[in-house]
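Student: Hi! Could you walk me through this one with me looking at the model as we go?

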Amino acid sequence: MFLTFEDETKATVFANDVTLGGVVNTVTVQLSNSVVKCNLSGGDACQAYAPAPEIFSEEYLTEKLETKAGWSFPAPDEDWMRGYPQEMQDFMESICFDRDPISDGELGKEVVRVAYASYIAAEEGRKVEISELRNLKEVLFDEGCGQDGRAKGAGIVGTGDS
């Protein structure tokens with residue numbers, strides 16, 4: 001996906017949830033005067049090598065690992081490394097202390113708008129302005145649900161149906 005921000009800066013985003021070799025959650029920011037690389041899952045905190053898969057056959061190493069032979073990156077505490085307890089802590093504190101959570105539903109809606117705009121752009125072969133999707137409910141449910149109960153456009157991701 002190619003993004004142009006309000007200040008005319010640009011970004012190229014590559015994303016998927018199934019990568020050969022396991023999950024990869026990284027962000028690389030290439031600037032005109034520097035480069036910043038982030039490993040969001042901390043997936044390389046621990047490394048292990050086994051010449052044969054039988055060596056770790058009974059051990060859980062990490063999700064979506066295709067083989068336990070060769071180099072792997074076991075997750076010492078996978079939930080912690082992925083931030084799940086911290087998310088729950090923030091959620092509970094936002095209720096207890098009557099404050100907004102760090103990451104709220106509005107942020108989630110903006111992420112969906114950007115992702116959905118990229119699907120529309122790919123399908124229609126055109127640039128899609130986020131402002132076209134300001135009312136996401138209208139875009140997704142413009143004429144109610146289809147006969148299968150899904151929102152109109154819900155099948156756009158990878159299936160070609162709408």
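Student: How many helices and strands are there in the protein chain?

Tutor: There are four helices and six strands; helices (H or I, at least four residues) and strands (E, at least two) are DSSP runs numbered from the N terminus. Please keep in mind that this is a predicted model, where local features need pLDDT of at least 70, side-chain atom pairs count only at pLDDT 80 or more, and totals for chains, interfaces and linings use all residues. Residues are numbered from 1 along each chain as its sequence is written, and side-chain values use heavy atoms, with hydrogens and water left out.

Student: And in what order do the elements run from the N terminus on?

Tutor: The order is β-β-β-β-β-β-α-α-α-α.

Student: What percentage of the residues count as buried?

Tutor: Of the 162 residues in the protein chain, 16% are buried. Buried means under 20% relative accessible area, exposed means over 50%, and partly exposed is in between (1.4 Å probe, protein chains only).

Student: What about the accessible surface of the protein chain?

Tutor: That comes to about 12300 Å², and carbon and sulfur atoms hold 56% of it. Such areas come from the Shrake-Rupley method with a 1.4 Å probe, and for residues only the protein chains shown count as cover.

Student: Switching to pockets: what volume does the largest pocket have?

Tutor: Its volume is about 1600 Å³. A pocket here is an open set of points on a 1 Å grid over the protein atoms alone, where a 1.4 Å probe fits, with protein on both sides within 12 Å along at least five of seven lines; lining residues have an atom within 4 Å of a point. Grid points are joined across faces, edges and corners, and the volume is the space filled by probe spheres set on the points.

Student: Which residues lie nearest the centre of that pocket?

Tutor: Those are Met-1, Leu-3, Ala-11, Val-13 and Val-114, out of 40 lining residues.

Student: Which element gives the largest share of the lining?

Tutor: H3 does, with seven residues. Strands E1 (2-4), E2 (10-12) and E3 (26-30), along with helices H1 (78-82) and H3 (105-124), each supply at least two residues of the lining.

Student: How does the lining divide into nonpolar, polar and charged?

Tutor: It has 21 nonpolar, eleven polar and eight charged residues. Ala, Val, Leu, Ile, Met, Phe, Trp, Tyr, Cys and Pro count as nonpolar, Asp, Glu, Lys and Arg as charged, and the others, Gly among them, as polar.

Student: Back to H3, is Arg-113 buried or exposed?

Tutor: Arg-113, which lies in helix H3, counts as buried because its relative accessibility is 6%. Its side chain makes a polar contact with the side chain of Glu-110 at 2.7 Å. A polar contact is a pair of N or O atoms within 3.5 Å; within protein, one must be able to donate a hydrogen and the other to accept it, and residues adjacent in sequence count only if both atoms are side-chain atoms.

Student: Nice. Where is Ser-94, and what does its side chain reach?

Tutor: Ser-94 sits in helix H2 (residues 84-96), and its side chain reaches the backbone oxygen of Phe-91 at 2.6 Å. Ser-94 is buried too, at 8% relative accessible area. Leaving aside neighbours within four places in sequence, Ser-94 is in contact (heavy atoms within 4.5 Å) with Arg-99, Asp-100 and Pro-101.

Student: And Ala-50, buried or exposed?

Tutor: Ala-50, in strand E5, is buried, with 1% relative accessibility. The C-alpha atoms of Ala-50 and Gly-70 are 5.2 Å apart, although 20 residues separate them along the chain.

Student: Why does Pro-51 count as exposed?

Tutor: Pro-51 is exposed because its relative accessible area is 61%. Pro-51 is in the loop between strand E5 (48-50) and strand E6 (70-72).

Student: Last one: what is the phi of Glu-8, and what about Asp-98?

Tutor: For Glu-8, phi is near 75°, a positive value in a residue other than glycine. Asp-98 is not a glycine either, and has a positive phi of about 50°. Glu-8 lies in the loop between E1 and E2, whereas Asp-98 lies in the loop between H2 and H3.
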